[in-house]
Amino acid sequence: MSHLLREHAPVTEAGWREIDTEARERLTPALATRKLIDFAGPLGWEYSATNLGRVAELAGEPIVGIEARQRRVLPLLELRAPFTVSRDELRDLDRGAADIDFEALDAAAQRIAVAENRAVFHGLSAASIGGIAELTTHPGISLGDSDFDRYPTHVARAVEMLLSAGIDGPYGLALGPECYTGVIETTERGGYPLLDHLRKIIGGPLVWSPGVSGAVVVSERGGDFLFESGQDLSVGYDHHDADNVHLYLEESFSFRVATPEAAVALVRP
C-alpha cells in the first residue's frame with residue numbers, strides 16, 4: 001500500500017485518472033525549475049537525504065587513538081498543498097460530465113509550483129536550501145521600472161558576465177510573471193518581438209516562472225544547479241466527509257547550487 005493512501009479514497013479509477021490529468025496539466029507550465037536545471041530522480045518517498053560528499057570533524061576522540069568524522073547530508077524538503085474535490089462533482093464525472101470543477105486542485109497546483117520555484121531561485125533557509133539568485137557571486141543587474149526595451153541590454157550584460165567568469169552556454173532565462181508579461185507584450189522598433197530577441201541572446205529556453213522575483217539568467221551547460229527528487233509531485237488522500245474528498249499534492253526534494261558563478265540575477269526595484 002502506498003503512503004498516499006489512494007486506495008482508501010471514495011474515488012473511482014476514472015476519477016483518479018481525471019484528477020491526475022488535471023494536476024499534470026496545471027503543474028507542467030508552472031514548474032520553471034525543471035525546465036532550467038538538472039533534475040535527478042524520483043528516488044522514492046523513503047529517500048531522505050542528499051549526500052554532500054563532505055564530512056564534519058567531531059570534537060574529541062570516542063576511543064583513544066580514533067578520529068571521528070560525520071558525513072554531511074542535506075535532508076529532503078517535503079511540500080504539501082491540500083485541496084478538496086466535491087463528491088457530487090466526482091459522481092458527475094463518473095456519469096460522463098466533462099466540465100468538472102477542479103478549481104481547488106488548480107489553486108493547489110499553482111501554490112506548490114510557486115513554492116518549488118521560490119525555494120530553488122530564492123532559497124528556503126529553514127530547509128537549508130540556498131537559492132540561485134541569492135548565492136550567485138555576480139552583482140545583480142537592475143531592470144529599472146518598466147523599460148522592457150532595455151531588457152536585451154541587461155540580458156546581454158548578464159551573458160557577458162557569465163562568459164567572463166568562464167561559464168559557457170547556452171543559457172536559460174527565468175522570468176517572473178510581471179517580467180514575462182512585459183516581454184510578451186513588447187515589440188521593439190522595427191516590429192521585432194522582444195521575446196525572439198532575448199532568445200537569440202541566451203541561446204536557450206525563456207521560461208515563465210511564477211514565484212521568481214525579477215529574472216535570472218542561468219547556464220544550461222549542466223552540473224551547476226542540482227535538484228534531487230525523492231517523491232515527485234503526486235496526489236494523495238487525506239480523508240473525506242459527506243460532501244467533499246480531502247486530497248493533497250505532495251513532493252519531496254533537495255536543491256544545491258554547485259557553481260554560484262553560473263547565474264546572474266536581474267533585479268526589479
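Q: In which sense do E9 and strand E11 (residues 244–257) pair, and over how many bridges?
A: E9 and E11 run in the antiparallel sense and share 5 bridges. Two strands pair if DSSP finds at least two bridges between them, so E9 and E11 qualify as a pair. Within E11, Leu 226 has Arg 256 as its bridge partner, and Glu 228 has Ser 254. This is a predicted model, in which local features need pLDDT of at least 70 and side-chain atom pairs count only at pLDDT 80 or more, while totals for chains, interfaces and linings use all residues. Residues are numbered from 1 along each chain as its sequence is written, and side-chain values use heavy atoms, with hydrogens and water left out.

Q: What makes strand E9 (residues 225–229) largely enclosed by the rest of the structure?
A: Of the 5 residues of E9, 4 are buried, so the strand is largely enclosed. The term buried stands for under 20% relative accessible area, exposed for over 50%, and partly exposed for values in between (1.4 Å probe, protein chains only). E9 also pairs with strand E1 (residues 38–40), in the parallel sense over 3 bridges; Phe 227 of E9 is the bridge partner of Phe 39.

Q: Why is E11 described as largely enclosed by the rest of the structure?
A: Because 12 of the 14 residues of E11 are buried, the strand is largely enclosed. Strand E4 (residues 77–86) pairs with E11 in the antiparallel sense over 10 bridges, and Ser 86 has Asn 244 as its bridge partner there. Strand E10 (residues 234–240) pairs with E11 over 6 bridges, also in the antiparallel sense. E10 and E11 form a hairpin with 3 residues between them, and Val 235 stands opposite Leu 249.

Q: Which residues have the most contacts inside the largest nonpolar core?
A: They are Ile 132, Leu 173, Leu 249 and Leu 266, in a core of 75 residues. A nonpolar core is a set of buried Ala, Val, Leu, Ile, Met, Phe, Trp, Tyr and Cys residues joined through side-chain atoms within 4.5 Å. Helix H4 (residues 103–122) gives the most to this core, with 8 residues. Beyond four places in sequence, Leu 249 is in contact (heavy atoms within 4.5 Å) with residues including Ala 23, Leu 27, Leu 79, Phe 83, Leu 105 and Ile 112.

Q: What makes H6 and H8 roughly parallel or roughly perpendicular to each other?
A: Helix H6 (residues 151–164) and helix H8 (residues 194–202) pack at about 10 degrees, with axes 10 Å apart. Angles under 35 degrees count as roughly parallel, over 145 as roughly antiparallel, 65 to 115 as roughly perpendicular and the rest as oblique; H6 and H8 are therefore roughly parallel. The axes are lines fitted to C-alpha atoms, for helices over the stretch in contact, and angles run from 0 to 180 degrees between N-to-C directions. The residues that meet include Val 155 and Val 159 in H6 and Leu 198 and Ile 201 in H8.

Q: How is the arrangement of H1 and H3 classified?
A: Helix H1 (residues 13–30) and helix H3 (residues 87–95) pack at about 105 degrees, with axes 9 Å apart, and are therefore roughly perpendicular. In this contact, Ala 14, Gly 15, Glu 18 and Ile 19 of H1 meet Leu 90, Leu 93 and Asp 94 of H3.

Q: Is Glu 134 buried, partly exposed or exposed?
A: Glu 134 has 47% relative accessibility and therefore counts as partly exposed. Glu 134 lies in helix H5 (residues 132–135). Helices (H or I, at least four residues) and strands (E, at least two) are DSSP runs, numbered from the N terminus. The C-alpha atom of Glu 134 is separated by 9.0 Å from that of Pro 260, 126 residues apart along the chain.

Q: Why is one side of strand E5 (141–142) and of strand E7 (206–208) left without a neighbour in the sheet?
A: The open sheet has 5 strands in the order E5-E12-E8-E6-E7, with mixed pairing. E5 and E7 stand at its edges, each with a single partner strand, so one side of each has no neighbour in the sheet. Strand E6 (residues 171–175) pairs with E7 in the parallel sense over 3 bridges, where Leu 173 stands opposite Leu 206.
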